[in-house]
Amino acid sequence: MALVASLRFSPEILRRLGEELVPHPDLGVIELVRNAYDADAPICTVEMESVESRGGRIVVTDTGDGMTEDDIVRGWLLLGKSTKAESTLTEKGRRKVGEKGLGRLAALRLGRYVTLTTRPRETPGVQHVLHIDWRSFDAVSAVEDVQLSITTVPTQEEPGTSIEIDQLSTAFKPRDVERLARALVLLTGPFPGPANFRVELNAPEFQKLAGIVHQDFFDEAEYRIVAELNDAGRASAALYDWRGEEIARGGHSEVSSAGSERGDSPIAYFTSAAHFELWSYNLSTNAFTLRGSKRKVSEVRNWLRSVGGVHLYHRNLRVHPYGDEGHDWLDMNLRRVRSPELRPGTNTAVGRVSVIDEEQRLTPKTDRTGFLETPEFVELARFGRNVLDWAAKELLRRREREKGKRQEQAGDKLENALNKLQDTVNRLPPHQRREVLEATNFLRSAFDEKVRAVEDDLLLYRTLSTVGTTTAVFAHETKQPVDLIDQASGVIARRAARLLKEQYSDQLSEPVETVRRAADSLRTYADIPLRLLHRRKRRAKIVDVNEVVADIVALFGPHLEGANVEVELQLADNGAPVKATVAAIEAILANLLANATYAFTQPHADGTSQRLIVIKTDLNADSVFVTLMDNGPGIDTSKLALDDIWLPGATTREDGTGLGLTIVRDATRDLKGEVFAKPVGEIGGAEFNVELPCATPFS
């Protein structure tokens, strides 16, 4: 005779599923609100009492369809399987969002007691009440040993459901309440469209945030992207300007190939149909003025700080954490750093990707934090990135067309002006005509010379831009192999020391340490261009030169140490303020410091046992003085005249670009300052003196 047995579950499984499955307590409350949406409720209210410490209370109430006794037994109390999967549409036509029936358990386990009160629309006049005391599960060996009873009483109240969670075991910290408030406000989003579901939270954070989020600034966008992905996986997109006029339109071939370096067109996207909409903003006062806006830039910036980023909506409800801080799932900010031209970021744009997903291709994570990284989800994200790449290319094309028109118009305008001048001269009396013609020809010659100088500068800075872009890419790609070298050399050092013991110290420790120092030096070369190119450093303000000097020396530190160069700072006691950008001061200092360091690698007659660079700052009422000098070989004026060292391309180095000192000169001039060089300075080597206007409180 066979013994009949069945699987049983320890009450410990409830703790693991409910308390450990969801990382933040607020996510459990969100799941109860999502259940209210599935119940066709127009309103859901969340009340929180004394939740800042343990022992508080949470009540989630909705005005939906309620549940019958059968719904409670077969659905609400059934964990791991949701009856929503059997019927995906509600009576009002909403797409149900529940999947596994596990989400509500996380909320129910927040407290010691749970009371479910529900009034079904299907059987009006009755109310079902269910009490759960989680302590009763601690006294049994299996979950099914605890019997729960449902009490039914008459009622005159309208249909709906209330869930009370008492004696909270976890306190809601301020950041939990703030996160819950944001999640509830954004659950249906700030976007245009039907609002047939509203959530309220009795917390000051919610009211304040709701007031910000529900403002409508969509008409202030500089441009808007609208893209569609149909059931067949074919994409299309349109780009509109701030007037609502169409700028560009692209089909599947243009959109899907936008992110490909080869320009090839991949096959249809293998994912659910989706709708992508994005509003991008130019947060400058000039842009708002040109459009005749009556809003303040600060208002829009504050709004974007709360709602910015691309959010993902699944069946009309937002999915956490897409669009939250640190969850830039379409890599908008990374793409903006790599190519800042006309690219939106999470602080300058707001958008949504909306998916119905009737075929359930997207798989929610069990902990309810987003979707699994399945091929279908990866394809959905690729669609969003391709749309952003396509829009960026179209905006660049538009700008280049407009620039070409402006150049053509400027040329025509100049030609017309010259013809008009010539006609005027021709009408002059003969005795005046010669004198005016001479003055006109002199003016034209001076103008042509100025144009040639501007064209030369333009060519120079195009070259510098190419060098900077290439260097930044190289620096970014260098960091990973350098880290691998450092890690591998560390592993070698530890294993060799353990296996070889004293022989390691005698024979291998020095070369291994040399490799690690070389890796540190390479890491410095990678960090320098990336840090110098930081966008925030290009904003004009009052800059303390002393602070920039200290930062640059620290940045060059490993490189200087590797070259055995000592830097001595002699900085003005009370700072050295100038009206500038940090980038401009860094450009001056970095190029001078790099040149001085390089000089020590060159042979010179006297030689020196100590390689020294001195950086001094001083100031008077009108000027800030910066001096950088070294005790190297100085400037060899027999190879290059002192006045020529500032010329672009002029250099005594075989592998040099001849651009470093040109940048120093131009950056100094831009700041209304002057720079001078001495072939042999105070401590024996080259010396450079930079004079800049001293900033005042009114600068």
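Student: Ala 41 first. Does it count as buried or exposed, and why?

Tutor: Keep in mind that this is a predicted model. Ala 41 counts as buried because its relative accessibility is 0%, and the cut-off for buried is under 20%.

Student: Where does Ala 41 lie?

Tutor: In a loop. That loop sits between α2 (25-38) and β1.

Student: Which residues is Ala 41 in contact with, leaving aside neighbours within four places in sequence?

Tutor: Ala 36, Asp 62, Thr 63, Gly 64, Arg 94, Asn 196 and Phe 197. Take Phe 197: 156 residues separate it from Ala 41 along the chain, yet their C-alpha atoms are 6.9 Å apart.

Student: OK, on to the sheet. What's the strand order?

Tutor: β5-β4-β3-β6-β2-β1-β7. Those 7 strands make an open sheet with mixed pairing.

Student: Which ones are the edge strands?

Tutor: β5 (150-154) and β7 (198-201). Each pairs on one side only. From one strand to the next, the twist averages 15°.

Student: How many bridges join β1 to β7?

Tutor: 4, and the two strands run parallel. β1 covers residues 43-49.

Student: Switching to helices. Which strands does α3 lie across?

Tutor: Helix α3, residues 69-76, lies across β3 (111-119), β4 (126-133), β5 and β6 (160-168).

Student: And at what angle does α3 run to β4?

Tutor: About 35°.

How values were computed:
Residues are numbered from 1 along each chain as its sequence is written. This is a predicted model: local features need pLDDT of at least 70, side-chain atom pairs count only at pLDDT 80 or more; totals for chains, interfaces and linings use all residues. Side-chain values use heavy atoms; hydrogens and water are left out. Two strands pair if DSSP finds at least two bridges between them. Axes are lines fitted to C-alpha atoms, for helices over the stretch in contact, and angles run from 0 to 180 degrees between N-to-C directions. Contact means heavy atoms within 4.5 Å. Buried means under 20% relative accessible area, exposed over 50%, partly exposed in between (1.4 Å probe, protein chains only).
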